[in-house]
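Subject: Structure handover and findings

Hello,

Please find the structure below. My notes on what was found in it follow.

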Amino acid sequence: MISKVNDSVPKAVDEMTREEFDSMMELSLRQVKNGESIPAEEVFNKILGR
């Protein structure tokens with residue numbers, strides 16, 4: 001799982017503070033609840049050019 005600090009530098013989970021991790025998870029949960037997600041199969045198909 002990767003988070004971004006200042007929208008530019010990726011940060012690994014083990015580099016995040018508890019607050020950064022909680023904030024990222026809260027945003028992710030809100031996006032899923034609002035239907036702002038893409039099925040994994042669709043993402044993989046895009047990556048693989050299908």
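This is a predicted model: local features need pLDDT of at least 70, side-chain atom pairs count only at pLDDT 80 or more; totals for chains, interfaces and linings use all residues.

Residues are numbered from 1 along each chain as its sequence is written, and side-chain values use heavy atoms, with hydrogens and water left out.

Overall layout

The protein has two strands and two helices, and from the N terminus the order is β-β-α-α. Helix 1 covers residues 18-33. The expected span of a helix is taken as 1.5 Å times one less than its number of residues. For the 16 residues of helix 1 that gives 22 Å, and the end C-alpha atoms are 22 Å apart, so the two values agree. Just after helix 1, Gly-35 has a positive phi of about 70°. Gly-49, which follows helix 2, also has a positive phi, near 70°.

Surface and burial

Accessible areas come from the Shrake-Rupley method with a 1.4 Å probe, and for residues only the protein chains shown count as cover. The accessible surface of the protein is about 4500 Å², with 54% of it belonging to carbon and sulfur atoms. I use buried for under 20% relative accessible area, exposed for over 50%, and partly exposed for what lies in between (1.4 Å probe, protein chains only).

Lys-11, in strand 2 (residues 9-12), counts as buried because its relative accessibility is 19%. Its side chain makes a polar contact of 2.9 Å with the side chain of Glu-20. A polar contact is a pair of N or O atoms within 3.5 Å; within protein, one must be able to donate a hydrogen and the other to accept it, and residues adjacent in sequence count only if both atoms are side-chain atoms.

Salt bridges

A salt bridge is a side-chain nitrogen of Lys or Arg within 4 Å of a carboxyl oxygen of Asp or Glu. The whole structure has four of them, including the following:

- Arg-18 and Asp-22 pair at 3.3 Å, N to O. Both lie in helix 1, four residues apart, about one turn of the helix. Arg-18 is exposed at 62%, and Asp-22 is partly exposed at 36%.
- Glu-26 and Arg-30 pair with their closest N and O atoms 3.5 Å apart; both are in helix 1, four residues apart. Glu-26 is exposed at 51%, whereas Arg-30 is partly exposed at 42%.
- Glu-42 and Lys-46 have their closest N and O atoms 3.7 Å apart, and both lie in helix 2, four residues apart. Glu-42 is partly exposed at 36%, and Lys-46 is exposed at 57%.

Nonpolar patch

Ile-38, Val-43, Phe-44, Ile-47 and Leu-48 make a nonpolar surface patch of about 500 Å². Patches are built from residues with over 30% relative accessible area and no salt bridge, joining like charges within 9 Å and nonpolar side chains (Val, Leu, Ile, Met, Phe, Trp, Tyr) within 5 Å. Leu-48 sits in the segment after helix 2 (40-47) and is exposed, with a relative accessible area of 53%.

Regards
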